[in-house]
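Here is a short report on one protein model.

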Amino acid sequence: MDFDKAFADMVSGFRLTEISAVKASAMKVISCHFSADGKWLVTAGHDKRAVLWYADGLKPKATFEGHSSLITDVRFSPSMPYLATSSFDRSVRIWYAGSKPHDSLCTLMGHSASIMSVDFHPNRDDLICSCDGDGEMRYWSITNGNCEGVYKGGSAMIRFQPRLGRYVAAAEENVVSVLDVETQACLRSLQGHYRPIHYVCWNPSGEYVASVSEDAVRVWALGSGNDGECIHELSLKNTKFHSCIFHPTNPSLLIIGSYQSLVIWDMTENKTMVLPAHEAIIASLAVSTATRLIASASHDKLVKLWM
């Protein structure tokens with residue numbers, strides 16, 4: 001059967017084409033993220049370094065070194081030329097990603113366990129959040145390096161709600177907690193996964209959260225009038241899921257990183273297409289709403305761009 005025709009029939013004409021690939025490290029790559037304007041991509045992983053790439057062609061621009069153990073997460077600030085990295089060395093580092101990169105601007109210390117995830121607030125330039133393997137979450141001021149609060153709720157990944165930033169989604173074991181950023185009250189406890197959750201992401205409008213465990217992907221509605229209902233669920237035989245992103249322009253599509261393959265899931269039709277992509281786990285996915293590019297980072301040491 002013709003692949004393109006089968007794919008078009010299954011997912012409403014959507015196609016995903018590899019446009020660039022680069023060996024990004026000599027070790028596993030486990031995180032990637034686009035800058036707000038889509039011009040830059042940053043990657044990081046087991047080699048303890050973050051690498052800044054020109055998104056057009058995947059040419060390296062700068063390398064950021066300073067962590068003493070593997071980097072678990074890397075994020076761009078949505079409004080400033082800053083990067084944040086979290087690490088097994090129990091620190092978060094903030095880096096300047098402008099025209100002349102240099103040593104980290106500040107190092108945030110205080111976690112007593114390996115830090116698993118970090119994220120910038122979408123519209124409060126000073127605020128970031130991190131979580132560690134013991135389920136501790138910390139809010140930090142990057143202006144003065146102070147810890148602004150310590151809470152419980154996230155051990156695998158944290159992500160602020162896009163645009164408004166009223167909520168933060170935090171994955172711990174098999175539950176996603178949706179926390180109020182101001183009060184830290186748990187507004188929703190999203191339960192339904194049977195295995196530990198690896199990954200969470202919001203859709204661009206901040207109305208839906210997707211969560212990924214090895215055996216299942218779930219999408220939860222959190223918009224006006226919704227109380228955290230699971231509206232879509234996917235499991236595929238012999239498929240190990242790990243990461244996901246919402247498509248930048250087609251709200252019915254979720255792109256899922258699994259072992260070696262990208263799974264394109266049309267949630268409305270509940271149809272899927274599996275696209276060979278890497279030689280190992282696809283640990284992280286990123287999307288640019290500015291350029292519509294999609295990036296995949298894998299334990300096979302490669303980073304790829306798709307459109």
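The sections below describe a predicted model.

## Largest pocket

The largest pocket holds about 820 Å³ of space. Its lining counts 36 residues. Closest to the centre are His33, Arg75, Pro162, Val287 and Thr289.

Seen by element, two or more lining residues come from each of strand 2 (29-34), strand 6 (71-76), strand 10 (115-120), strand 14, strand 18 (197-202), strand 22 (241-246) and strand 24 (271-287). By class, the lining of the largest pocket has 22 nonpolar residues, 9 polar ones and 5 charged ones.

## Second largest pocket

The second largest pocket has a volume of about 410 Å³. It is lined by 21 residues, and the closest to its centre are Thr72, Met116, Ala156, His198 and His242. Strand 2, strand 6, strand 14, strand 18 and strand 24 each give two or more residues to this lining.

Which strand gives the largest share of the lining of the second largest pocket? That is strand 18, with 3 residues. By class, the lining of the second largest pocket splits into 10 nonpolar, 8 polar and 3 charged residues.

## The cavity

How many cavities of 30 Å³ or more does a search of the whole structure find? The search finds 1.

Strand 3 has the largest share, with 3 residues. The classes are 4 nonpolar, 3 polar and 2 charged.

## Nonpolar cores

In soluble globular proteins, nonpolar side chains tend to be buried together. Here the largest nonpolar core has 28 residues. Val217, Cys244, Leu254, Ile256 and Trp265 touch the most other members. At least two core residues come from each of strand 15 (167-172), strand 16 (175-180), strand 18, strand 19 (208-213), strand 20 (216-221), strand 22 and strand 23 (253-266). Strand 18 gives the most, 5 residues.

Take Val217 as an example. Leaving out residues up to four places away in sequence, Val217 touches His193, Ser211, Val212, His232, Glu233, Leu234, Phe241, Leu254, Ile256 and Trp265. A second, separate core has 16 residues, including Phe34, Leu41, Val51 and Ala297.

## Aromatic rings

The whole structure has 4 aromatic pairs. One of them joins Trp40 and Tyr54, with 4.8 Å between centres and 45 degrees between planes, which makes the pair tilted. Trp40 sits in strand 3 and Tyr54 in strand 4, 14 residues apart, so this pair links distant parts of the chain.Tyr54 is partly exposed, at a relative accessible area of 36%. Elsewhere, Tyr139, Tyr151 and Phe160 form one aromatic cluster.

Ser155 is placed in the loop between strand 13 (147-152) and strand 14 (157-160). Is Ser155 buried or exposed? Ser155 counts as buried because its relative accessible area, 12%, falls under the 20% cut-off. Beyond residues up to four places away in sequence, Ser155 touches Met116, Cys131, Asp132, Gly133, Gly135, Ala171, Glu172 and Glu173. Met116 is also among the residues closest to the centre of the second largest pocket.

Asp266 lies in strand 23. Asp266 is buried too, with a relative accessible area of 2%. Along the chain, Asp266 and Ser155 are 111 residues apart, and their C-alpha atoms are separated by 29 Å.

## Positive phi

Lys48 is not a glycine, yet its phi is positive, about 75 degrees. Lys48 is found in the loop between strand 3 and strand 4. At 37% relative accessibility, Lys48 is partly exposed.

Asn238 also has a positive phi, near 60 degrees, in a residue other than glycine. The place of Asn238 is the loop between strand 21 (229-234) and strand 22. Is Asn238 buried or exposed? Asn238 counts as exposed because its relative accessibility is 76%, over the 50% cut-off.

Terms used: Residues are numbered from 1 along each chain as its sequence is written. This is a predicted model: local features need pLDDT of at least 70, side-chain atom pairs count only at pLDDT 80 or more; totals for chains, interfaces and linings use all residues. Side-chain values use heavy atoms; hydrogens and water are left out. Helices (H or I, at least four residues) and strands (E, at least two) are DSSP runs, numbered from the N terminus. Buried means under 20% relative accessible area, exposed over 50%, partly exposed in between (1.4 Å probe, protein chains only). Contact means heavy atoms within 4.5 Å. On a 1 Å grid over the protein atoms alone, a cavity is a set of points where a 1.4 Å probe fits but cannot get out, and a pocket is an open set with protein on both sides within 12 Å along at least five of seven lines; lining residues have an atom within 4 Å of a point. Grid points are joined across faces, edges and corners, and a volume is the space filled by probe spheres set on the points. Ala, Val, Leu, Ile, Met, Phe, Trp, Tyr, Cys and Pro count as nonpolar, Asp, Glu, Lys and Arg as charged, and the others, Gly among them, as polar. A nonpolar core is a set of buried Ala, Val, Leu, Ile, Met, Phe, Trp, Tyr and Cys residues joined through side-chain atoms within 4.5 Å. Rings of Phe, Tyr and Trp (its six-membered ring) pair if their centres lie within 6.5 Å; planes under 30 degrees apart count as stacked, over 60 as edge-to-face and the rest as tilted.
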